[in-house]
Structures are given as C-alpha cells and as structure tokens.
Amino acid sequence: MEFKSKIKTIEWQGEVSKVIDQTILPKEFKIADIKTAEEMYSAIKNMIVRGAPAIGIAGAHGVSLAAIELSKNISDKTEFLKKLREKANYIKSSRPTAVNLAWAVEKQMELASNLKGSIFQITEALKENGIKLENEDIEINKKLGDYGASVVPKGASILTHCNAGALATVGYGTALGVIRSAYAKDPSIKVFADETRPRLQGAKLTAWELTEDNIPVTLITDGMCSYFMSKGMIDMVVTGADRIAANGDTANKIGTYTVAIAAKYHNIPFYIAAPLSTIDISIKSGSEIPIEERNHEEVTHINGDLICPKNVNIINPSFDVTPNDLISGIITEKGILRPDFKISIQEAFNK
Ligand code: MRU
C-alpha cells in the first residue's frame, strides 16, 4: 500500500500542519489538518499526534501556526514576541514527559527572539525552521537506525514496547528505525510487539506499521514478555524514550521498566533508541522526570466499553523510569552510548 511508510506522520504544507490521526488507526487512515496553536495543543494532548519526536515537531509547527495568527493582528514586534512566548508556553504544557516537545518549541523561540527582521520575516523563518526540523528528524532516525542494526544478532527476535516507529517520529522511527535498518540487512529477523496497555500503541500502531512494511511481527500481551524470554525466544529488547536524564535513567511508556527488569534477569540486552533531543542534560537522574497522569478512562475502558466496576479506584501514570543499570546501551545519531552513561552522554553532546 501507499502509506504508508512514505507519508510523513507530520508534515507542514503551506500554512497547515498535516498529521496522521493516530487515535483511529488501524481501523481508519486519515490525515488531520491542524490550523491553529490551539488545535495543535489539543492534537498533542488528545494524542492525535504522539510519540516524543513527533510531538517535538508538532510543537515546532504549533509555534509557526501561532506566529501566522499573531502576525495578522499585531504590528509591534515586542508585543508580537511577548504573545508568541505565551502561546509557546501553552503548547509546551500539552504533555509534560517527552522533553522533545519543549526542546523543539524552544528552538523556535530562540530563532524568533534572535532574528533581527520584521514580524513577517520571523514568521517565514519559523515556518522554514519547522520544515527543517521535520526533515532532520528522518535523517537522524536513519543514522541511529544504522548504528543500532550493528548490534542486532543474525536472525534475532527483538522485543519492543509501545510505538517508537515512523508514527512516533516524522518517519522511519527510533526503536523501529533500528528494526527497519536491521531488517534491510537481514530479513530473517523477527519482532515481538507488546500490546502496551492502557492505550494499546503496540497493538494498534506498532503491529500496524510493521505489517504495512512486511516485517514479521508477533503481537503479545504485556504480561507475556518474561515467559517468552524464559523460553529463549527473545534475543534483544529495543524501545524508544520520552526523556533521558544525564545519568542515563530513561522515561518511556509505562511497562518499559518491567520489560527491562525481565531482560536483566534473563541476560538479554536491553537497548534504548533515541535522538539526542530526547536527552535532558539539565536533570541529573530519572527521579526529576515529570510523569504524566492520564485520563482514568484509558484504564477503565477499551474502545469505549467499560471493562471493570464503574467505581473502582484507578491510577494511570503514562510513563515509568528505567534505571540506567538495566540499560545495555543508548542508540543515538552520534553512535551507541555505553555505561557509564554520565560520561558517554556528555561525550556525545561534545562531539
Ligand atoms: O504516550 P505516547 O504514545 O506518546 O508514548 C510514546 C512512547 O512512550 C514512545 O516509546 C516514546 O515517545 C518514543 S517514540 C520514538
């Protein structure tokens, strides 16, 4: 089919940000047109666009949309920049854990504040920069994918959690980028995808995009991973990340920590694949990473159906933090970072 991996998950066209609506996949494939900063805020919050690098680009486009709107009503540059800052902060507040969102919004704000030109020129520059970041994302993923492929054993069965694929980025993916690059060299590799409750990104998105690319994938429920590891059916684990602290502690979709513990117990290498924009060197350890608490309906309902007693207590953290000592390596566009991560992360930033 055509997507499919050829269409970008998020793409700037004219004055509009076009995103694949991930709330309805795999049932329907639709593109949503995002035309204002407010629409972008809600597309990120409601996960029409999701995944750390993808919401980074969404944030960058959100700033471009805000600039277009403000430039129509404001002629004073100081006032324009003040209002743009307010909109930027608003867009950043849509989701707290993935640092790529703040990273990309701040890249745009840095550009806007430093540019000497007119409001029109700033707005044009923001649009261009959004497109540049969009294209760089795919290049970065291909680079890190190729580094990652070098540690995939011949014929390996690889377990992944959540969706760190083309859909979670502009294209190609991080964890699935590693898998795509490995598959290109060795079509005998196979993937196990955790379904990833509560929102089922593994079942709905990872299984879908790998199937579209004809990469062999077996869908399992989250509780099955230790069983398959104990049977010798998993050779390595690779997941994405939402925020990595300076010491390598990594926040990713809830359940990742459990997979990492199981991998350690069974002596299976556990890798994180992420661009440097996911590393937050301003925080020392994972305990400083804000964890998003999401709507309880994600737990109480599946596809709109209540699956538990109406008034049962619910708690729904969307991410957990995998401690650095469970991580074999962090696959980035600057190479594979190894423990001691405090040192290797710093070195990657200095490269
Ligand atoms: O809540 P989501 O679906 O945005 O969570 C996504 C993940 O946890 C991904 O693994 C992470 O963002 C990395 S995506 C390349």
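User: Helices are DSSP runs of H or I with at least four residues, and strands are E runs of at least two, both numbered from the N terminus. With that settled, where does Asn-214 lie?

Analyst: Asn-214 is in the loop between helix 7 (201-212) and strand 6 (217-220). This is a predicted model, where local features need pLDDT of at least 70, side-chain atom pairs count only at pLDDT 80 or more, and totals for chains, interfaces and linings use all residues. Residues are numbered from 1 along each chain as its sequence is written, and side-chain values use heavy atoms, leaving out hydrogens and water.

User: What is the phi of Asn-214?

Analyst: Positive, about 60°, although Asn-214 is not a glycine. Tyr-172 also has a positive phi, about 75°, and is not a glycine either. Tyr-172 sits in the loop between strand 4 (157-160) and helix 6 (175-185).

User: OK, cis peptides. What joins Pro-339 and Asp-340?

Analyst: A cis peptide bond, with omega about 0°. Asp-340 falls in the loop between strand 16 (335-337) and helix 11 (341-350). The bond from Leu-25 to Pro-26 is cis too, omega near 0°. Pro-26 belongs to the loop between strand 2 (16-20) and strand 3 (31-34).

User: Switching to the ligand. Which residues are closest?

Analyst: Arg-50, Arg-95, Gln-201, Asn-252 and Lys-253, out of 19 residues that surround the ligand. A residue counts if one of its heavy atoms lies within 4 Å.

User: How far are the polar side-chain atoms of Gln-201 and Lys-253 from ligand oxygens?

Analyst: For Gln-201, one such atom is 2.8 Å from a ligand oxygen. For Lys-253, the distance is 2.7 Å. Asn-252 places a side-chain N or O atom 2.6 Å from a ligand oxygen.

User: Is the ligand buried or exposed?

Analyst: Buried: alone it exposes 420 Å², and the protein buries 99% of that. Areas are Shrake-Rupley values with a 1.4 Å probe.

User: Now packing. At what angle do helix 2 and helix 3 cross?

Analyst: Roughly 145°, with the axes of helix 2 (residues 52-73) and helix 3 (residues 77-92) coming within 9 Å. Axes are lines fitted to C-alpha atoms over the stretch in contact, and angles run from 0 to 180 degrees between N-to-C directions.

User: Which residues make that contact?

Analyst: Among them are Gly-59, Gly-62 and Ala-66 of helix 2, and Phe-80, Leu-84 and Ala-88 of helix 3. Contact means heavy atoms within 4.5 Å. The residues divide into eight nonpolar, three polar and three charged.

User: What about helix 3 and helix 5?

Analyst: The axes of helix 3 and helix 5 (residues 119-149) come within 10 Å and cross at roughly 30°. Lys-77, Phe-80, Leu-81 and Leu-84 of helix 3 meet Ile-119, Ile-122, Thr-123 and Leu-126 of helix 5. That contact has six nonpolar residues, one polar and one charged.

Terms used. Ala, Val, Leu, Ile, Met, Phe, Trp, Tyr, Cys and Pro count as nonpolar, Asp, Glu, Lys and Arg as charged, and the others, Gly among them, as polar. A polar contact is a pair of N or O atoms within 3.5 Å; within protein, one must be able to donate a hydrogen and the other to accept it, and residues adjacent in sequence count only if both atoms are side-chain atoms.
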